[in-house]
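I opened the model today to look up a few residues and the elements around them. These are my notes, in the order I made them.

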Amino acid sequence: MTHAPPPLAGTVVHDEVVPARAPWLHRINAGQTLRIVDLEGNQAVDFLAYSAADDAERYSAQDTIAAQGNIFLREGSVLLSNEGAAMMTVTATAVAYHDTIGGACSCESNTLRYGHHTKAQHACVENFLIANARHGRGKRDMVGNVNWFMNVPVEADGALGIVDGISAPGLHVDLRAEMDVVVVVSNCPQINNPCNGFNPTPVRMIVTE
């Protein structure tokens with residue numbers, strides 16, 4: 001079953017489908033809203049945000065988690081920067097919660113978790129590096145990321161799991177920019193765990209103002 005997202009208020013200024021496994025970078029100005037649509041369901045979307053004015057200020061998982069007292073992002077959650085400033089607010093979500101601690105897959109972590117034969121497989125860290133290179137950023141600019149739609153439960157003993165997603169075709173999350181930001185996305189290419197249902201698929205990015 002495909003879900004139809006509710007209409008977005010404002011004028012659409014950007015509308016793009018990001019192919020499976022691909023990176024994406026776009027500037028979102030203060031007051032604009034970014035909608036991410038999981039077109040086919042069960043697709044993780046790895047996400048970073050940098051201040052457009054000074055990219056030394058960027059999304060901070062630590063500050064965000066500490067401020068809200070919760071590791072999951074829900075409607076009303078505010079993404080904070082490493083300077084404690086509000087970057088983006090989750091204004092609506094059709095999914096109950098989103099992950100902040102699962103991190104981004106890499107060729108190295110694939111090798112460790114799934115075997116040396118996965119070393120050559122494309123991963124989210126590589127997508128982030130490809131996109132960030134357009135603005136002169138490199139590995140030192142990588143920080144903990146958000147995983148929209150990804151389901152990473154925490155067990156009673158503190159162990160983390162990566163399990164089937166809680167999304168479905170057409171479900172979405174809306175983010176209002178509280179400052180001018182540059183958003184960097186990896187449409188996760190992982191095929192070795194269930195975060196993408198073992199089948200990476202496209203997502204849609206819509207920006208309104």
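I started with a side-chain pair: His98 and Thr93 are joined by a polar contact of 2.8 Å between their side chains. I count as a polar contact a pair of N or O atoms within 3.5 Å; within protein, one must be able to donate a hydrogen and the other to accept it, and residues adjacent in sequence count only if both atoms are side-chain atoms.

Before going on I noted the ground rules. This is a predicted model, in which local features need pLDDT of at least 70 and side-chain atom pairs count only at pLDDT 80 or more, while totals for chains, interfaces and linings use all residues. Residues are numbered from 1 along each chain as its sequence is written, and side-chain values use heavy atoms, with hydrogens and water left out.

**His98.** I placed His98 in strand E8 (residues 98-99). Helices (H or I, at least four residues) and strands (E, at least two) are DSSP runs, numbered from the N terminus. Is His98 buried or exposed? His98 has 0% relative accessibility and therefore counts as buried. The cut-offs are under 20% relative accessible area for buried and over 50% for exposed, with partly exposed in between (1.4 Å probe, protein chains only). A polar atom of the His98 side chain also lies 2.9 Å from the backbone nitrogen of Phe149. I then listed contacts (heavy atoms within 4.5 Å). Not counting residues up to four places away in sequence, His98 touches Ile71, Phe72, Leu73, Thr93, Asn147, Trp148, Phe149, Met150 and Val173.

**Gln43.** I found Gln43 in the loop between strand E3 (33-38) and E4. Gln43 is also at 0% relative accessibility, so it counts as buried. Leaving aside neighbours within four places in sequence, its contacts include Trp148, Phe149, Cys188, Cys195 and Pro200.

**Strand E4.** Seven of the seven residues of E4 (residues 45-51) are buried, so the strand is largely enclosed by the rest of the structure. Val45, Phe47, Ala49 and Ser51 point one way, and Asp46, Leu48 and Tyr50 the other way. Which strands does E4 pair with? Pairing requires at least two bridges found by DSSP between two strands. E4 pairs antiparallel with E9 (residues 146-148) over three bridges, and Phe47 stands opposite Val146 there. E4 also runs antiparallel to E11 (residues 181-187), joined by seven bridges, with Leu48 opposite Val184.

**Helix H3.** Last, I checked H3 (residues 124-132), which is mostly covered, with seven of its nine residues buried. Among them are Cys124, Glu126, Phe128 and Asn132.
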